[in-house]
Amino acid sequence: MASGIKDKVAILGMGCSKFGERWDKEAQDLMVEAFTEALGDAGIEKDQIQAAWLATAIDSVNVGPSGVPLAVALRLPYIPVTRVENYCASGTEAFRGAVYAVASGACDIALALGCEKLKDTGYGGLPQRGRGVTNDMYWPNLSAPGMFAQLAAGYRGAHDVDKDELKRAMAHISVKSHANGAKNPKAHLQKAVTMEQVLNAPMVSEPIGLFDCCGVSDGAAAAIVTTPEIAKSLGKSQLITVKAMQLSVSKGTEASHNSWDGSYVKTTRIASKKAYEEAGIKNPRAELSMTEVHDCFSITELVTMEDLGLSDEGGAVKDVLDGAFDANGKVPCQIDGGLKCFGHPIGASGLRMLYEMYLQLAHRAGERQLPNPRLGLTHNLGGHPHMNVSSVSIIGAYE
Amino acid sequence: MAEHGITSYGAYLPRWRLQRSAAVKANAWANGALAAHGKGERAMCNWDEDSVTMAVEAARDALQGMDRSAIGAVHLASTTLPFSDRQNAGIVAEALNLGESLGTLDITSSQRAGTTGLVNALNTVAAGAAGTVVLCASEHRKSQTGTPQELLYGDGACALTLGNEGVIAKLLATHTMAVDFVDHYRGQTREFDYDWEERWIRDEGYNKIVPAAVSAALDKAGLGADRIDRFMLPCVLRRVPEGIARRLGIRNDAVADTLQATCGDTGAAHALVLLCHALETAEPGQKLLVAGFGQGCDVLLFEVTEAIKSLGPRRGVTGSLARRSPMENYDRYLAFNNLVAKGFGKRAEADKQTALTTLYRNRKMLTGFVGGRCTKCGTVQFPKSYYCVNPNCGEADSQEDFAMADIPGKVNTWTADSLTFSMDPPAYFGMVQYDSGGRLMVDFTDVDKETFDIGTRVRMTFRIRDIDSDRGFKRYFWKAVQVEQGAGG
């Protein structure tokens, strides 16, 4: 009978490249940058890694398919290397592979690395690309902001929110994230922005404006995981362990059945509920110290607060505007600046979220350090509000 | 022999109306004479419309309340068909979800293709060869910029159903003349027409050939010219139809407005567009004479029957004319018609190749907008799938085909996307919830930005989805448009 992942796997070390427009770096350079830090943090030799998972999402710009590019870039010694992709949740998917490998006893030490090099596309935003031979014949003409803008319309319609009020709540989220990111030397964007700047930014996909969107950037992040016993035997103390790893994938209901009203993300609700159970969390609002959620667009973060149970149904606008998720709020969200300031090198983002939670728990977050965090939740969402994969992970201090 | 004739009519003019003044303003520096044609407006296709999409919309209009199972053939007349070799009428038939026991025919290469098609369809029906024939005539005109033709021509389509039962206008007589009078031509490899002198076309063409054909038709019917209640002759040359009518003895008040001021000449479709327009207000007993000119002349003479009073409301030409959006931006007209090479940026470079295997395998879904309905729980779903999407059902292999093109719906969510590549930015798309149950994320088109929002009522329309200009292919799918007030949508 399965008993969940809680406290079976510890994070031995993590690394994160500088995110941004790394014009002079190949994807392989970014892999090395993140891996070098992770290896140093773990305090082990490369040969001790027994299996690896590589997250990359978009083949056409980046390193191409398969786990081979990671094995070649890092000269991994003929170990299993698996490339995983699950839309924007790919980074957490790599972590999941490594964590399950260790928890199963199949190996002692495993590596998860996510890397994406998007700035060879030649223009801003994600590359225009096929979505599948048949899908291309009937899916609408869409972009990522376009798809998440549907969530704004759905939320507005379901909760009868005034257009301007919703826009202000969305703007507050971006302002808050930028204030946090300004303290993060690894973030792509490290400048604060004002409400006026956000509200007056050009429209990208109504009602999502330029400053409601995360940027597109290059980056890599990595985690090395092992069992708590092995971590201790390697001299680590004050371990940080995985408390929950849940993934929920749409089965077509939201897309094709009228039971979903378009105002929330169904999979996040399911995954977070299971994650809280797995971690033994009864009152997330009281027990979670901080969250990193998938703020590809500000509206996504807003809706996610309700989906994670941190705001009441229809209550997120008020909570956001009241500062409940600001750095000094009840449950700070995106304390590192989020996708908003890091940009979204797709394969890397899930691991970058874990990186910040890990630093916070280890009291190594510098200027951004929160007082005594115990549990950090990452939410990594891929696809579209009506058809997606939602990944909810919780890490925390090992008791 | 049972009478045969027209059993229904329908039409579709695109919503956009190019303001002639805008075109003249842009081009008068090169040709001051254009100002003579500078008044009024002409119908112009949106970027996502063509002869096939307009034919489908006209046919759907004509088929409202009609029994589709009686249809034995679909014929399409046009000189601007998107495919030279891939049956265009077949695309229309698939979009109308008519099945495989069907005849299809493309009629092309002449400005009288519409009336030739009508003569032929009536012959088919008279011979008992096809039950009901749906005849569409449709034109997406292509004129060189800065020419009078650009101002005079318009885009549009008409559909008539021909049959032996429920005839609203019975055929009295036809006469056809074949005369290789080349008033203009468009060679196989050319985009644009080449026209000869208007005065010659009027004197040696219209004024000699049309009266001969009309007289012959009237003789066959044993009818005097003064008995004609509506005389429909498409012609861009001013007062030519009136002159011909006068010389033949047709009453001046019978001469049909050629719709120059509000629509423009829709080429091979126009004779049928004028006929449809006449039928919309025709009274039983009236005699309608329609003539098509182009390397000869086709003349058809009809008598309206009592049955016209029981035909339900249609959009028709009148409804289409009422539904208009003025296009003041001449450059946008050029871009929609691929007459100017706009730099749409790198996003426009994405390859749009269609896998023909996929198109074929999914043709009911893609072209016909056929979804599924679970026979266990009744849930309508698009696409049709193996497992029912109803979370309380999930039955395997339980769905039957469910035609959804005519199911109205409402907007659940939407956006106006300025990032994705669009020929007409921003790209509106969103979730439509259908009255029958079922939903789909779709493109919206012809959006009225002032009124469009959550809850807007929509209907589905057949449109171009992508243009693959590398390979000369178009792929079609269905988009949602706002429902109009009034009859016929």
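1. Angles under 35 degrees count as roughly parallel, those over 145 as roughly antiparallel, those from 65 to 115 as roughly perpendicular, and the rest as oblique. Axes are lines fitted to C-alpha atoms, for helices over the stretch in contact, and angles run from 0 to 180 degrees between N-to-C directions. Helices (H or I, at least four residues) and strands (E, at least two) are DSSP runs numbered from the N terminus.

2. The model is predicted: local features need pLDDT of at least 70, side-chain atom pairs count only at pLDDT 80 or more, and totals for chains, interfaces and linings use all residues. Residues are numbered from 1 along each chain as its sequence is written, while chains are lettered from A and ligands numbered from 1 in the order in which they are written.

3. In chain B, helix 2 (residues 51-62) packs against helix 3 (residues 88-95) at an angle of about 45°, their axes being 9 Å apart. The two helices of chain B are therefore oblique to each other. Helix 2 of chain B contributes B:V52, B:A55, B:V56 and B:A59, and helix 3 of chain B contributes B:N88, B:I91, B:V92 and B:A95; residues are in contact if their C-beta atoms, placed from the backbone, lie within 7 Å. By class, this contact has seven nonpolar, one polar and no charged residues. Ala, Val, Leu, Ile, Met, Phe, Trp, Tyr, Cys and Pro count as nonpolar, Asp, Glu, Lys and Arg as charged, and the others, Gly among them, as polar.

4. In chain A, helix 5 (residues 144-159) and helix 12 (residues 298-307) pack at about 50°, with axes 8 Å apart. That angle makes helix 5 of chain A oblique to helix 12 of chain A. The crossing of these two helices of chain A is left-handed. A:F148, A:L151, A:A152 and A:Y155 of helix 5 meet A:I299, A:T300 and A:V303 of helix 12, a set of six nonpolar, one polar and no charged residues.

5. Chain B also holds an open sheet of three strands in the order 3-2-14, with mixed pairing; strands pair if DSSP finds at least two bridges between them. Strand 3 (41-43) and strand 14 (325-327) of chain B each have a single partner strand, so one side of each is left without a neighbour in the sheet. Neighbouring strands of this sheet are turned by 35° against each other on average, direction ignored. Strand 2 (residues 16-19) and strand 14 of chain B pair in the parallel sense over three bridges, and B:L18 has B:M327 as its bridge partner. Helix 1 (residues 20-27) of chain B lies across strands 2 and 3 of chain B, at about 40° to strand 2.

6. An automatic or database assignment gives the domain bounds: chain B is divided into domain 1 (5-197 + 261-336), domain 2 (352-360 + 407-482) and domain 3 (370-403). The centres of domains 2 and 3 of chain B, taken over C-alpha atoms, are 23 Å apart. Each of these two domains gives five residues to their contact.

7. How many residues does each chain give to the contact of chain A and chain B? Chain B gives 40 and chain A gives 34. Strand 18 (409-417) of chain B is one of the elements that give two or more residues to the side of chain B, and its six residues are the largest share of that side.

Conventions:
A crossing is left-handed if the near helix is turned anticlockwise from the far one by less than a right angle, and right-handed if clockwise.
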